[in-house]
Structures are given as structure tokens and as C-alpha cells.
Amino acid sequence: MMAERYDPEAVESKWQKRWDEDGLHRVDIDGAERPYYNLMMYPYPSAEGLHVGNVYAFTGADIHGRFQQLLGNTVFEPIGFDAFGIHSENFALERRTHPMELIPSNIRNFTRQLKRMGFMYDWSRVVDVTRPEYYKWTQWIFLKLLEAGLAERRKAPVNWCPSCKTVLANEQVIDGRCERCSTEVTQRQLDQWFFKITDYAQRLLDNLEWIDWSDSTKRLQRNWIGRSEGADIDFEIVGHPDKKLRVFTTRPDTLFGATFMVLAPEHRFLQEITSAERRGAVDEYVKAALAMDVVERRKAGEEGRKTGVDTGARAINPVTEEEIPIWVADYVLMEYGHGAIMAVPAHDERDFEFAKTYDLPIRIVVIPADRYEDFDPNTELESAFTEHTEDEVLVNSGRFDGVPAAKAIKQITDALEQEGRGAHAVNYRIHDWCISRQRYWGPPIPVIHCEDCGMVPVPEEDLPVLLPYVENFRPDESGVGPLARSSEFLNVDCPQCGGRAKRETDVSDTFLDSAWYFMRYPSTERHDVPFDPARTERWLPVDMYIGGEEHAVLHLMYSRFITMALHDLGHLPFEEPYHKFRKHGLIIREGAKMSKSRGNVVIPDEYVATSGADTFRTYLMFLGPYEEGGDFREQGIAGISRFFDRVWDAVANGTLGDGPPETDELNHKLHATIKKVTEDVAALQYNTAIAAMMEYLNAVRAGGRQARRSEVEPLVAMLAPFAPHLAEELWARLGHTGSIFIGANWPQYDPALAVADEVEIAVQVNGRLRATVRAPRGASEDAVKRKALAEEAVQRHLDGKEIKKTIFVPDRLINLLVG
RNA sequence: GCGAAAGUGGCGGAAUUGGCAGACGCGCCAGCCUUAGGAGCUGGUGGCCUAGCGGCCGUGGGGGUUCGAGUCCCCCCUUUCGCACCA
């Protein structure tokens, strides 16, 4: 009889059809008893279609979901489309199509491709953020935050991308360039909507202590939040008794060494305090500094070129009571601290450079403790001395002389606090989240500007504010969004006074759409609430979230913030959205990054067509550790094809034997394999799980033997998360009538059987391997030693010498030491 | 510059608390089967020396701890990522 060959195409289309008909992955959203919410970052539906990076990410997450299902949980695995935003809009502009036509067709294409991969999505609960049913609630969230004082409109220097012609959040500026188009970002003063994420900085930081997330992702968030402890110190300004110049410093211990002050060019005191004779120079400098874009300014900083001018104003150092000059320089940033610093050139590299350039005084106030006794105040520093531990002490610091620098931070700040000249303070690097976009393709911000009433929120019952069809949606330089071109949209009656009013024309950042999409999935058909409370209680927070680390400080930070805010406003019973987050790695091709410009992008469709979705999925997971990524190589996929051919051959061809695994050894191997695969899959170590299954199959088929049912049935179940179609087919052929994904079909192992009865023990002489001996598990040192000494190779190396010492590691190794 | 992670065969990658380095797969080599094979099966495959038995070397480099180090400690090199004039 001709052996039947594994035909992926036939098997996969058969089961996809059946799953779809049976509604296998449609979840009982109100009644599930063991709910497990398995979330993956939803894709942006590009016109190019599903990228191998998407497939890689989704496959790893789908395997996790199917594994949980096989353990007996009811897994809710939804998918949606992040289809608003500049990316979609720019693409539509390029193609000269309208996003309202382009996006639905992209989504159809993505849906087709996703279905072909065999992911267990509940297709009855798809989120498309561009649908009014969805963005109605995005707007609702905006109103809630506005009501709570967490949203505000203010004029601020913002990042402007001259190519995208819109402002960008800080998180969207990478090395001074737009993350979308890499254009150098410039600064503009514009009225913008901000979410006050900085109010939550400490909580966002504190909760990182207990949430179960990838360490690297937490670290990125910590760095981004950038907490630093120090003090706020007020300096009096000579001739301006009404003003105090406030600075933030992490080094209050060096206050006695503050020999000048520096203001950022944007500092609000600058105009008033500049002396008449310095005004010309200062104005000129400020003008030049403000004309520079972010990138230029940074470049100058990197090269250590520091520029600045004296304002002619003088401040009083609060502890030395000396008059010190106030300079303006662009190395001081308005957006950090108070936009002004006390400069301590002896102990800060930047201040040191500046002082050297402009010949400003440098005073040493911290030195190593062991040089305290013979300290020479006239020492010339070659560079700033920045150490300040318990091993350094203060000098030139009045009554604080001799105090260890680490202690002096607190002592000096306490003293200032008592005198009302300063206070302990904490500063964060994170900025408020600018959510305004002067673009078309997003949810309109639901606010109306009335000539009489001012800013009026759109009443909740009037939501959604529909995004109008605007023929020409191309952005321009004006800083006003394209929605202003639709007079029908723009002109509106004031909801308060009924008078003439205009709508806000900014749309919100696409990261607001994705900040809450996972809350919407369980409630997609509910149009009366954003998320049903009972369903939210049942399914959220998300049990497992898998996604790319590139969103660590964007999506992941924003969605934590929105969740916290909604919690505080009484809309959610939890304040962290994701129980567990794991980043997946990135996939490269033959050692190089994949990119369109390199022309080395792997198109999933081609491989799926020739090898099947199961093989492609499994191959991707076999490339390397899921959390680290892998290197895609054409040829390797054949390894998985062969593996599945052999699995098929072992299960579907010939007659399976009955009874338990044929030998004890094989039985041990089976249990050990189940143990390993169970643990590895749970830990997302898919590559080693696959290797273990291959190894096991090799053992089952050793010498071309025919497998027994008891040997292969567990293997089929373990393959199910990776190769769901194949497993389902083989499961049916094994005589099961229901789907393998209904019920807890993951195999159990007996821990006692998962270890072999007999072990191989390494025998070393003086630390070098000379032989191995087999012994029963748990054999005593004496027994192993006897066996070891019986080995000819061991005797030869002992060379008749006396054994001085024996190292014995049970079941592992024995090491005989001779003189 | 600061912070983090990583460096293992020709390649992707495995290695419990320090305990037989190179699992699994690709590729390669040999043999079998086949009219044929870019198919399948069996075996081999870190390097060097050796006719063989066997021996020596080997996890980026250098030191150290230890009976024993890919794993721990110190110094250095390289790569990747994040942050970057953050006071």
C-alpha cells in the first residue's frame, strides 16, 4: 500500500473551514468559567499586507493561547486593527487615495492573511479603531480626562515635523528626528492638548516593582520616567527683590561651589533681568539659539561646543552670600527642571567646560576624604570631579567642611528648607503627553470653542464627533489641521449658549486609540458603554500580553496611564492593564535586518503556499528563543517539513501498536519530554520545546520501528499549539471525535517517570574526563567508585597512584584526585 | 558619555544550583535505495596530532577563584539595543 503523504494545504483548508463553521474560537464572553485573556499587539493594517514580523509575533502569542486552551482554560484571543494615524494617512496621500477607501481594503487583506495562518482569533469581536462605534469611546475617554483636569490645552514649545506637518509627542522623536519619516524635528510654539501623564510619573514607576513584565521593558520605562532626587533652591536676584530664581539640582552638597548661574534661552525672567548694556548681546544670542533646531543644538552639545552670554544680572548664592553672574546658554534646557541651573564647574562636566570657555571661577568643594588634611585650595582641576560617595568630603563649605558628600546632600537641603530657601525635590524626565495632531486621519478631539463661553466640551450624548469626509486632507504648514477646511464640520452652535462656535480641528494621537483597545474587545457589540462592567471584571486585566518592545515608552506607557486614570475616575476596578507582559524578539534574515530597501523582506504568503501555515509557524518559532528573535534562513524550513512528514508517517501510516510505550526507556523519554515541553512552552521557550519533540520522535522511530498509540498521542497534543491543523487532523485519525482544542487535552507527566532509572556518570581523573559508567539512579559513591575503578581507561590514568580525594556528584560525576 | 544585554562548530542555536560543551535543526561528507532527483533512508560531522589505540587544544582576549568554569570574580576587546548637555 502506498503510504499517504502529509499534504499541508489539504489539511489546513479542511480544518480552517471546520473551525469557522463550528465557531470553535468564539468565546462565551459572559459565561466562561476559566477565562484567560490572551492579548497580542494589534497590527497597523499596511497596504503591503502581513509582514513576517507580524506573523512571528502573532504565532508566538497564538501558541501561548492554544497552550492555555489545552490546559483547560477558556481563551479569549481577539484581534483588531490600529488603522488610524499618520502612517495610514501618509500612505493614502502617496497613493492618492482616500483613507476611507484604502483602510477597509487593507483590513480585508489582513483578515484573509491572518485567517490563513490559523490563529485562534475570535473573529466575532474585531476592533477597528477607525469605526465611529469605537472612536466614540475614544472621545469619551478624552472628555473624562478633561473633566478630571488631566487634559489641558496650553501653549508650549512642541516638536514639529516639517514633513508630516504636525506636532509629535516626545516619545515619537527619536534622536531628534520624526519616528515615522526621519525628518529633523523643529520646535514650534503652539496651543496643544496635553494629557498630564506626569501626574502619574511616580505611580507608573512604583508599579513597575510588582507587575510581571519583561525586565528589559521595565528598564526602558524606568529610564524614560527618569526620576531624580535632589533639591529645589531659590536664588535671590540683585535688584529684583520680587523675583527668586529657582533651580533644581541633584547635588545640593556642592552649593558652596556654585559660582555662576545659567538660564535657558526660553527662561521667562530673561528679558526683565538682563542689564541694559548686555541686552543687545543677549537678544542676539537668544534669537540665534531659538532658531536652531533640536538636532543642531544637540550636535553642538555632543562636540562640547558650549556657547552663552552674560546677562549682566547677578544672583546671590544663598550660602556663601556672594554675588554670582547669571548667564544664558543653550546647554540649559527649558523643558527639564526649572530651565535654570546653579553652575558648579568644579563638580559638573558641562559647567566645567562652560567655565573654562568663558573663564568663570571654579571652586572646589568636594575632595576625596583621604586628602582632606592636606587640601590645597589652589589646586587646578583638569576636569570636573564628580564623585560624591561616603569617601568624599566637603571643603570650602563653611560649617559643612569635612562632612561626607553623600550626607551633605541631606544636611544642606534640610538647612535650606529651614530657612525657606529651598526644599527636597524630585524631578522626572517624562513630559506630559501631547495628544494633538494637526492631521486628518484620527478621531476629532471633542471640544468646541465658543466666542462667549470659551472652550466647551462636546456633551457626551453628542458623541461621536464624526470625522467628516474631506476631499483634500493633505496637511499644510499652517499648524491648523485639515478639518478646518470643512466649514460644515467647523461651524457649530455652542452647546452652552447656542451662539456661534467652532469645533476643535485637531485630531488625537493614534496612541490614544491603542491605549484602551483591549478594554473594548469583550464589549464590541455594546453601543451603550465603552466596556461592560461585568465583562471587564471577568476578563481584565489581560492575563498575558505579548508584543514588541519598540512600544515600551509609547503604547505600553500610555495604556498604563489611561488605565490608571480611568481607575481613579471609578471606571475600572484595576490600575494596571496587563498582568503579564512579554516582549518578543525581532526576526532578521541571514544576519541582516529586513527592510524594503534591502529587498530581503520575507513574504509569509509564499512560504505558507509551499510549506503550509503549520510548518511556517513552527519554523519561525524554531529559529531562536522567542523573546530574543531569530535569523530566518531559507533552507532551514525543510527541517520542519521533514519533521512533520515523519510525525505524519508515524501516526497516520500503518497500524499503531497498543499498550504502553514499548520499553521503559522510551516511557521515561516520553515523560521527560512532556515535562520539558510543558515547562518550555509555558516559559515561551518554543525553540527548545520543538527540539525536544524532534528528539523524542527520533527515539520513537529509532531503527524504523512502528510507533504505538501511547507513544505518539501525547506528541500530537504537544504539537497542537505549534501546528494546530496537523494536530487536529492526526487527533481525528487517532479516533477522537471532538476538536483537540476542546477540553484539557495537554498531556500529563509522572514526575517519577520523567527521570531515567539508569544514568550515565562521568568519570574524571584529576578533573579530566576518562570514562563514563552507567549506574542506577541514586547509586552510592562507593558503588560508582567501584565501577569507575573497573574501567581500563581510568586505571591507565590512575597509574597505580594513591587516590587522595574523591569528588562525587550523585548521578552526574565522580572525580578521582591522585598525586 | 551613561545604562543594559550579548559574544559558543561552516550556519541558526542547546547546555539544572559551577559537574560529560556543541542538544535539535540547517549545511556538508559517505553509504543505501531509485530510471532519475534539489526526494527518501542509514551513518558521520569542533580543531589539531595519530596507521590505530589514543592524546592534546577548544565557548571574544588576558588574569583569578575552584577538585572542576561557557557558567562565578577582575581587567580588556567587539557587537547590539536604549538614553543622551536631564543639572
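In this predicted model, strands β14 and β15 (residues 323-329) pair in the antiparallel sense, with six bridges between them. Within this pairing, Asp310 stands opposite Trp327 in β15. The two strands form a hairpin with six residues between them, where Glu321 takes a positive phi near 60°.

β14, which spans residues 308-316, is also joined to strand β11 (residues 228-237). Two bridges make this link, and β11 and β14 run antiparallel. Here Ile237 stands opposite Ala315 in β14.

**Strand pairs**

| Strands | Direction | Bridges | Residues standing opposite |
|---|---|---|---|
| β14 and β15 | antiparallel | six bridges | Asp310 and Trp327 |
| β11 and β14 | antiparallel | two bridges | Ile237 and Ala315 |
| β1 and β2 | parallel | three bridges | Tyr37 and Phe76 |

**The five-stranded sheet**

Five strands make up an open sheet with parallel pairing, in the order β2-β1-β27-β28-β10. Which strands stand at the edges? They are β2 (74-76) and β10 (212-213); each has a single partner strand, so one side of each is left without a neighbour in the sheet.

The partner of β2 is β1 (residues 35-40), which is joined to β2 by three bridges and runs parallel to β2. Across this pair, Tyr37 stands opposite Phe76 in β2. A helix lies over part of the sheet: α2, residues 52-70, lies across β1, β2, β27 (544-548) and β28 (580-584). Helix α2 runs at about 175° to β1.

**A pair of helices**

Helix α20 covers residues 637-652 and helix α22 covers residues 686-700. Their axes come within 11 Å and cross at roughly 45°, and α20 and α22 are therefore oblique to each other. The crossing in which α20 passes α22 is left-handed.

Which residues meet between these helices? From α20 they are Phe643, Arg646, Val647 and Ala650, and from α22 they are Met694, Leu697 and Val700. Sorted by class, the contact of α20 with α22 has six nonpolar residues, one charged residue and no polar ones.

**Domains**

Chain A is divided into domains 1 to 5. Domain 1 is made of two segments, 31-129 and 514-584, and domain 2 likewise of 139-196 and 432-510. Domain 3 covers 228-427, domain 4 covers 604-733 and domain 5 covers 758-818. Taken over C-alpha atoms, the centres of domain 2 and domain 5 are separated by 76 Å.

Definitions and conventions: Residues are numbered from 1 along each chain as its sequence is written. Chains are lettered from A and ligands numbered from 1 in the order in which they are written. This is a predicted model: local features need pLDDT of at least 70, side-chain atom pairs count only at pLDDT 80 or more; totals for chains, interfaces and linings use all residues. Axes are lines fitted to C-alpha atoms, for helices over the stretch in contact, and angles run from 0 to 180 degrees between N-to-C directions. Helices (H or I, at least four residues) and strands (E, at least two) are DSSP runs, numbered from the N terminus. Angles under 35 degrees count as roughly parallel, over 145 as roughly antiparallel, 65 to 115 as roughly perpendicular and the rest as oblique. A crossing is left-handed if the near helix is turned anticlockwise from the far one by less than a right angle, and right-handed if clockwise. Two residues are in contact if their C-beta atoms, placed from the backbone, lie within 7 Å. Ala, Val, Leu, Ile, Met, Phe, Trp, Tyr, Cys and Pro count as nonpolar, Asp, Glu, Lys and Arg as charged, and the others, Gly among them, as polar. Two strands pair if DSSP finds at least two bridges between them. Domain bounds come from an automatic or database domain assignment.
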